[in-house]
Amino acid sequence: MIQISGVSKIYTTGDVETIALDNVSFKIKRGEFLAIMGPSGSGKSTLMHILGALDRPTSGKYILDGENVENLDDDQLAGIRNKKIGFVFQSYNLLPRTSALKNVILPMMYGGVPKEKRLEIAKKYLDMVGLSDRLNNTPSQLSGGQQQRVAIARSLVMDPAIILADEPTGNIATAQAEEIMAIFQKLNNEGRTIIMITHEADIAEHAKRIIHIRDGKIVEDGNGHKQRKIRIKI
Amino acid sequence: MELTEIISEAANTLFTNRLRTALATLGIVIGIGSVIALISLGAGSQKAVSDQIQSLGSNLLTISPGSQTSGSVRSATGSNTTLTYDDAKAILISPKVTTVSAVSPELSRRSQVTTGGANTNTQVIGVEPVYSEVHKITVSVVSMTKVAVLGPQVVTDLFGEGANPTGKNIRIEGQSFGVIGVTESKGGSGFQNQDDIIYIPLTTAQKSLYGANYLSSIAIAAKSEDEMVTAQDEVGYLLLDRHNINDPADADFRIMSQNDILSTASSVTSTFTTLLTGIAAISLVVGGIGIMNIMLVTVTERTREIGLRKALGAKKKNIITQFLVEAIILTSAGGIIGMFVGIFTSFVISKLMSIAFTVSVGSIVLAIGVSGATGIVFGWYPARKASNLEPIEALRYE
């Protein structure tokens with residue numbers, strides 16, 4: 001489903017070249033629950049941006065759902081992000097002063113979902129994350145965990161193939177973080193592909209597969225639940 | 001995304017930042033407001049001037065002496081003394097002139113006028129009774145005596161406001177005149193003050209007062225407005241003939257119709273209106289730059305939001321439309337408010353200046369059109385800037 005082959009990303013600031021990703025290759029199959037781990041500066045955010053079609057690799061190939069992403073222009077990438085990828089960010093990134101319902105509707109406005117269907121779909125997913133009684137609350141009236149659940153509902157409304165979560169529990173208290181992870185588990189059980197970036201080992205343990213990345217290279221790629229004992233201490 | 005949704009979302013965003021929206025709009029309000037106020041005040045004063053000229057008689061022709069040419073030296077226009085009482089009489093009785101109904105010979109000069117302790121310098125016109133018919137003004141003048149009819153302004157200057165001078169004496173150039181009446185006020189604005197005039201009999205002016213046997217002007221009433229051109233030609237050729245001039249280019253007189261005077265006066269007011277409107281338009285440009293400034297701040301401030309929208313699938317045109325619509329709503333709202341402000345201002349000022357209050361449909365169309373266009377012009381750059389933000393850069397922005 002996702003095929004990354006020989007992907008490199010080099011940032012140039014003045015005369016200094018920084019290699020953020022160095023010839024990375026791997027595949028992700030449909031229905032996987034993958035965690036990408038690594039210390040800060042390891043290149044995991046860059047990898048996430050490339051996987052999320054937010055950025056293009058300097059070299060290498062990224063095939064998403066049979067489509068070669070490097071050949072697409074900005075607007076086509078926007079279309080890919082809208083329809084195939086659901087984003088969940090560390091800082092939620094909800095529109096301020098805008099109700100939960102309207103936040104969840106937003107991707108559908110750009111995705112050409114007919115107006116009369118949007119409300120129904122938005123309510124369905126807000127109900128799924130347990131917020132059917134908070135439809136009209138603005139982000140400032142919601143707890144961190146609740147805001148992240150709104151963001152998860154938002155990531156699902158276009159029915160994407162992949163959920164891409166960047167440190168989804170990074171700003172959330174432990175108890176609420178478990179609730180968030182439970183939702184991801186449930187989504188994965190329903191057959192959705194989930195890619196999660198994290199530096200927290202106990203969060204990564206929810207994944208079935210963990211890729212460790214360091215200095216722009218994959219240093220380990222293995223089974224999540226069995227990895228506990230041998231994981232690299234960061 | 002449908003347009004109605006974009007508009008309602010933009011309006012929502014603007015409403016959330018009420019104070020900023022109000023301040024950003026203010027520049028456009030002032031710009032459009034002053035343009036509209038000046039256009040309608042210009043139209044009003046133009047109408048006032050033309051009404052005043054029309055009130056002097058729309059079928060009026062004025063013959064004034066031209067410049068004097070002796071040898072190759074040409075003296076000032078109006079200095080000629082070739083226009084005579086006989087010319088005036090000839091115009092009236094000549095069989096060649098068929099379109100003239102009345103002829104008023106006139107001699108006017110500025111003179112020092114005194115009474116008791118007060119004195120003033122005003123225009124003294126020697127006229128015949130036919131003057132009131134030609135000029136549509138009520139003046140009763142008895143021939144061959146030293147009597148005077150005063151304009152209301154002269155009465156104020158010499159006797160104080162509201163005084164009744166009838167029966168009293170005034171001295172013009174040292175000679176005593178009995179006051180026999182006051183003209184009705186015709187309003188003092190415009191290019192000639194109709195109230196600051198003293199009327200005396202023509203023969204008195206010519207023989208006793210100024211010792212001049214010529215006229216300073218002859219006013220002619222054409223039989224109808226349609227016959228003005230014919231009357232102008234007939235009178236012109238008669239006078240050329242009487243003055244023994246073959247080439248009309250050498251004529252020692254000029255004939256002006258009210259329309260000639262009107263177009264001169266209107267061209268003056270319209271030049272002023274254009275000039276002032278131009279200055280007001282500059283304030284509109286300044287207002288537009290204010291909008292651009294605010295929109296640029298907004299784009300910077302909402303970088304994260306733009307990044308998020310792009311990450312969620314917004315295309316460039318979605319972002320451009322969103323910001324452009326916000327700018328257009330800002331300027332259009334400013335334009336509409338400015339329109340009302342301008343109309344109100346011109347209403348108040350035209351009442352104070354006692355001129356006609358007119359609002360042209362053109363200026364309203366202009367207000368809405370220009371303000372909308374301002375939004376597009378000055379909103380375009382910020383909107384493009386927003387749409388070109390890289391989603392990851394924008395999302396990282398703190």
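Which residues have the most contacts inside the largest nonpolar core? The views below take up that question in a predicted model, and then move on to the sheets, a helix and the contact between the chains.

**View 1. The largest nonpolar core draws on chain A and chain B.** This core has 108 residues, and those with the most contacts inside it are A:L34, A:I36, A:L164, A:I194, B:I291 and B:A327. Helix 2 of chain B (residues 18-55) gives the most to this core, with twelve residues. For a closer look, pick A:I194: leaving aside residues up to four places away in sequence, A:I194 touches A:F33, A:L34, A:I163, A:A165, A:F184, A:L187 and A:N188. There is also a second, separate core of 44 residues, and B:V155, B:I172, B:A205 and B:I220 are among them.

**View 2. A six-stranded open sheet in chain A has mixed pairing.** If you walk across the sheet, the strand order is 6-7-8-3-9-10. Strand 6 (85-88) and strand 10 (217-223) of chain A are the edge strands, each pairing on one side only. From one strand to the next, the twist averages 15 degrees. Within the sheet, strand 3 (residues 33-37) and strand 9 (residues 209-214) of chain A run parallel and are joined by four bridges; here A:A35 stands opposite A:I210 of strand 9.

**View 3. A four-stranded open sheet in chain A is antiparallel.** Its strands come in the order 2-1-4-5. Strand 2 (16-28) and strand 5 (67-68) of chain A are at the edges with a single partner strand each, so one side of each has no neighbour in the sheet. Strand 4 (residues 59-64) and strand 5 of chain A pair in the antiparallel sense over two bridges, and A:L64 stands opposite A:E67 of strand 5. Helix 1 of chain A turns up in this view as well: it lies across strand 1 (2-13), strand 2 and strand 4 of chain A, running at about 60 degrees to strand 2.

**View 4. Helix 3 of chain A is largely enclosed by the rest of the structure.** Why can we say that helix 3 of chain A (residues 100-110) is largely enclosed? Because nine of its eleven residues are buried. The buried residues are A:A100, A:N103, A:V104, A:I105, A:L106, A:P107, A:M108, A:M109 and A:Y110. What covers them includes helix 2 (74-84), helix 4 (115-128) and helix 5 of chain A, together with helix 1 and helix 10 of chain B. Just after helix 3 of chain A, look for A:G112, which takes a positive phi of about 70 degrees.

**View 5. Chain A and chain B come into contact.** The contact takes 18 residues from chain A and 16 residues from chain B. On the side of chain B that touches chain A, the elements giving two or more residues are helix 1 (3-16), helix 9 (303-311), helix 10 (316-352) and helix 12 (391-396) of chain B. Helix 9 of chain B gives the most to this side, with five residues. The residues on this side of chain B divide into seven nonpolar, six charged and three polar.

**View 6. Strand 7 of chain B pairs with strand 4 and strand 8 of chain B.** Strand 7 of chain B (residues 169-172) has a covered face, made of B:I170 and B:I172, and an uncovered one, made of B:N169 and B:R171. In a regular strand, side chains alternate between the two faces of the sheet. Strand 4 of chain B (residues 100-115) pairs with strand 7 of chain B in the antiparallel sense over two bridges, and B:V113 has B:I172 as its bridge partner. Strand 7 of chain B also pairs in the antiparallel sense with strand 8 of chain B (residues 175-182), over four bridges, and B:I170 has B:F177 as its bridge partner. Strand 7 and strand 8 of chain B form a hairpin with two residues between them, and B:E173 in the turn has a positive phi of about 50 degrees.

Definitions and conventions:
Residues are numbered from 1 along each chain as its sequence is written. Chains are lettered from A and ligands numbered from 1 in the order in which they are written. This is a predicted model: local features need pLDDT of at least 70, side-chain atom pairs count only at pLDDT 80 or more; totals for chains, interfaces and linings use all residues. A residue is buried if 20 or more other C-beta atoms lie within 10 Å of its own, exposed if 12 or fewer, and partly exposed in between; C-beta atoms are placed from the backbone. Two strands pair if DSSP finds at least two bridges between them. Two residues are in contact if their C-beta atoms, placed from the backbone, lie within 7 Å. Ala, Val, Leu, Ile, Met, Phe, Trp, Tyr, Cys and Pro count as nonpolar, Asp, Glu, Lys and Arg as charged, and the others, Gly among them, as polar. A nonpolar core is a set of buried Ala, Val, Leu, Ile, Met, Phe, Trp, Tyr and Cys residues joined through C-beta atoms within 7 Å. Axes are lines fitted to C-alpha atoms, for helices over the stretch in contact, and angles run from 0 to 180 degrees between N-to-C directions.
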